[in-house]
Amino acid sequence: MSGTSGSRSSKTFKPKKNIPEGSHQYELLKHAEATLGSGNLRQAVMLPEGEDLNEWIAVNTVDFFNQINMLYGTITEFCTETSCSVMSAGPRYEYHWADGTNIKKPIKCSAPKYIDYLMTWVQDQLDDETLFPSKIGVPFPKNFMSVAKTILKRLFRVYAHIYHQHFDSVMQLQEEAHLNTSFKHFIFFVQEFNLIDRRELAPLHDLIEKLGSKDR
């Protein structure tokens with residue numbers, strides 16, 4: 001992240017989730033970073049030959065969590081109980097929080113509160129070795145795909161909130177290129193493996209169309 005003060009750019013909203021160095025997942029992450037560098041995002045999201053789909057989705061989910069964490073971290077001072085008293089993505093979309101365990105009935109809350117709940121919830125899933133095994137040979141659970149889909153569906157809402165409510169701040173901070181690249185990578189990834197329902201993507205439909213058309 002260039003062009004911003006050190007204190008801001010290193011500020012993540014939650015602790016970063018690290019993939020252990022030397023592990024197979026670390027190699028996959030390095031592969032993902034190398035292909036991203038080539039600039040062809042459609043190609044970069046494809047499952048590398050001979051790799052396990054669950055593992056590829058796991059590595060990328062952790063990576064998107066870290067990216068969104070950092071992007072949201074840059075605008076937390078603008079996303080407050082007052083400025084964002086509801087978690088929304090434009091006037092037509094409002095999100096209420098429920099995690100199915102601690103909070104079963106969806107609650108209406110401010111955007112910062114919602115995003116805090118969401119990121120804490122995602123982090124707990126990523127840290128759960130039975131859901132996201134980091135050791136070689138430990139199998140992924142049978143419900144892994146549905147867990148990953150729920151995580152990605154919810155992470156999308158943070159991008160949607162940033163684009164709809166805080167894009168001016170993002171531009172002032174000169175972070176828009178970073179945000180756009182991260183979001184484009186995210187969208188190409190979920191499209192490649194059909195991980196988020198089209199209806200869920202509706203709040204950013206026009207932007208998604210635009211990103212896709214530039215790439216054909």
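Residues are numbered from 1 along each chain as its sequence is written, and side-chain values use heavy atoms, with hydrogens and water left out. Because the model is predicted, local features need pLDDT of at least 70 and side-chain atom pairs count only at pLDDT 80 or more, while totals for chains, interfaces and linings use all residues.

The largest nonpolar core has 66 residues, and L155, F156, Y159, F183, F186 and I187 are those with the most contacts inside it. Such a core is a set of buried Ala, Val, Leu, Ile, Met, Phe, Trp, Tyr and Cys residues joined through side-chain atoms within 4.5 Å, where buried means under 20% relative accessible area, exposed over 50% and partly exposed in between (1.4 Å probe, protein chains only). Two or more residues each come from α2 (24-37), α4, α5, α6 (144-172), α7 and α8 (205-213), and the largest share, 13 residues, comes from α6. Helices (H or I, at least four residues) and strands (E, at least two) are DSSP runs, numbered from the N terminus.

Leaving aside neighbours within four places in sequence, Y159 is in contact (heavy atoms within 4.5 Å) with residues including F64, I68, F183 and F186. Y159 also belongs to one aromatic cluster together with F64, F156, Y163, F167, F183, F186, F189 and F193.

The structure holds 14 aromatic pairs; rings of Phe, Tyr and Trp (its six-membered ring) pair if their centres lie within 6.5 Å, and planes under 30 degrees apart count as stacked, over 60 as edge-to-face and the rest as tilted. One of these is the edge-to-face pair of F64 and F186, at 5.1 Å centre to centre with 80° between the planes. Since F64 lies in helix α4 (residues 53-75) and F186 in helix α7 (residues 176-192), this pair ties together parts that are 122 residues apart in sequence. Both F64 and F186 are buried.

Charged side chains provide a further set of links, with five salt bridges in the structure, each a side-chain nitrogen of Lys or Arg within 4 Å of a carboxyl oxygen of Asp or Glu. In one of them, the side chains of D127 and K17 meet at 3.2 Å, N to O. D127 lies in the loop between α5 and α6 and K17 in the loop between α1 (6-9) and α2, so this pair ties together parts that are 110 residues apart in sequence. D127 is partly exposed, with a relative accessible area of 45%.
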